[in-house]
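Good morning, and thank you for the time. Please look at the display as I speak.

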Amino acid sequence: MITDIQKILIIGAGGQIGVELTAKLSEMYGSSNVVASDLKGASAFPNNPFEILDALDKKALFEIVKKHGITHVYHLAAMLSATGEQNPMFAWKLNMESLFNVLELAKEKHISRIFWPSSIAVFGPTTPTVGTPQYTIMEPSTVYGISKQAGERWCEWYFNKHNVDVRSIRYPGLIGWKSAPGGGTTDYAVHIFHEALKTGTYECFLNENTVLPMMHMEDAIKATIEIMHAPSEQIKIRSSYNLSGISFSPKEIANEIKKHIPGFSISYKPDFRQAIADSWPKSIVDKEAREHWGWSATYDIPKLVENMLDNLKKK
Ligand code: NAD
Ligand code: AKB
């Protein structure tokens, strides 16, 4: 267990990333030093202090920060790409105002460090799709992507103008067996494993050749911990870092699953999420994250598929 003094608040702890991040940080710092918060769901965190918190309520956030002596905030609450397109105004409000609430607390010196995730959704249809670099054309076409791009610019601005120590990663689609995804375009890559084991078939909402950047959740958590623990001078990008894991299409992941479940079959019925996926990169170059703070991924496609199937079977 790490003994430096960190009191951590996780906002949106009940979500796909939050559940795993809360567990990992509790292992590192002790559960009593990691406060989980969400709109509901205390029972998911029997060992952590838990607070009901609406991230849009700045006063309530401030009170929780004071009550627990919070130093570090991981702000995960957001509306993701698919749900965001269906609730555009609220997605914008939630994603932007909640970020401002956290950034302002740091500007006012109530907290000392923030983690806020961005996404590959910051890129858009005019971005080069293969080997997308850190610096390139960024014209996102979803409300979610627009909010993440604006969020990146604001993070950089708060760092430059107010010395706010905010750190960020552009996560690809995340795949883990411990928690369920919440309203994204890459969610199929989690659902497919559950359905392969449960029914042996899966109807995919993207077409068979839609290649997207993806990552095992363990790698995403590793990156999050690494960027938050790197010395400040190594974090040279204060908007958000590209982060690369693996890239595959539904057909490719289905073929890998068939190596373990030979009878597995997949069909395709693209819906509105196809247009979102088509606007995103197929692969990402993360040279800066590697050079600045030593990032590298550990999962390839065969290892990810084996890990997902083995653990879901046990679960
Ligand atoms: P999720 O939807 O699974 O979880 C979000 C959590 O936030 C939920 O538990 C929800 O109840 C909570 N929440 C929603 N509104 C809230 C509010 N007003 N106040 C407090 N909590 C609220 O999302 P996730 O997949 O865990 O993503 C977390 C962050 O990571 C988001 O910012 C998302 O954009 C980013 N991200 C995720 C992925 C991915 O593949 N999961 C990829 C790129 C970026
Ligand atoms: C989504 O599909 O919306 C997320 C993301 C890549 O940001 N998983």
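This is a predicted model: local features need pLDDT of at least 70, side-chain atom pairs count only at pLDDT 80 or more; totals for chains, interfaces and linings use all residues.

Strand 13, residues 246–248, is joined to strand 11 by three bridges, and the two strands run antiparallel. Strand 11 also pairs with strand 9, which covers residues 173–175; here there are again three bridges, but the sense is parallel. Within this second pairing, Leu-174 has Met-215 of strand 11 as its bridge partner.

In what order do the three strands form their open sheet? The order is 9-11-13, and the pairing is mixed. Strand 9 and strand 13 are at the edges with a single partner strand each, so each has one side without a neighbour in the sheet. On average, neighbouring strands of this sheet are turned by 45° against each other, if direction is ignored. Against the sheet packs helix 7, residues 217–229, which touches strand 9 and strand 11. The direction of helix 7 makes about 80° with that of strand 11.

Let me stay with strand 11 for a moment. Why can we call strand 11, residues 212–216, largely enclosed by the rest of the structure? The reason is that five of its five residues are buried. Leu-212, Met-214 and His-216 point one way from the strand, while Pro-213 and Met-215 point the other way. Residues on both sides are buried.

I turn now to the loop between strand 10, residues 201–204, and strand 11, where Asn-207 is found. Is Asn-207 buried or partly exposed? Its relative accessibility is 32%, so Asn-207 counts as partly exposed. Apart from neighbours within four places in sequence, Asn-207 is in contact with Pro-250, Tyr-268, Pro-270 and Gln-274. The C-alpha atom of Asn-207 is separated by 18 Å from that of Val-130, and these residues are 77 residues apart along the chain.

Gln-274 lies in helix 9, residues 273–278. Gln-274 has a relative accessible area of 9%, and is therefore buried, since the cut-off is under 20%. With neighbours within four places in sequence left aside, Gln-274 is in contact with Phe-205, Leu-206, Asn-207 and Thr-210.

Finally, I come to a pair of helices. Helix 8, residues 250–258, packs with helix 11, residues 301–314, at an angle of about 60°, and their axes are 10 Å apart. The two helices are therefore oblique to each other. Helix 8 passes helix 11 in a right-handed crossing. Which residues make the contact? From helix 8 they are Ile-253, Glu-256 and Ile-257, and from helix 11 they are Ile-301, Pro-302, Leu-304 and Val-305. Six of these residues are nonpolar, none is polar and one is charged.

Thank you for your attention.

Notes: Residues are numbered from 1 along each chain as its sequence is written. Chains are lettered from A and ligands numbered from 1 in the order in which they are written. Side-chain values use heavy atoms; hydrogens and water are left out. Axes are lines fitted to C-alpha atoms, for helices over the stretch in contact, and angles run from 0 to 180 degrees between N-to-C directions. Helices (H or I, at least four residues) and strands (E, at least two) are DSSP runs, numbered from the N terminus. Angles under 35 degrees count as roughly parallel, over 145 as roughly antiparallel, 65 to 115 as roughly perpendicular and the rest as oblique. A crossing is left-handed if the near helix is turned anticlockwise from the far one by less than a right angle, and right-handed if clockwise. Contact means heavy atoms within 4.5 Å. Ala, Val, Leu, Ile, Met, Phe, Trp, Tyr, Cys and Pro count as nonpolar, Asp, Glu, Lys and Arg as charged, and the others, Gly among them, as polar. Buried means under 20% relative accessible area, exposed over 50%, partly exposed in between (1.4 Å probe, protein chains only). Two strands pair if DSSP finds at least two bridges between them.
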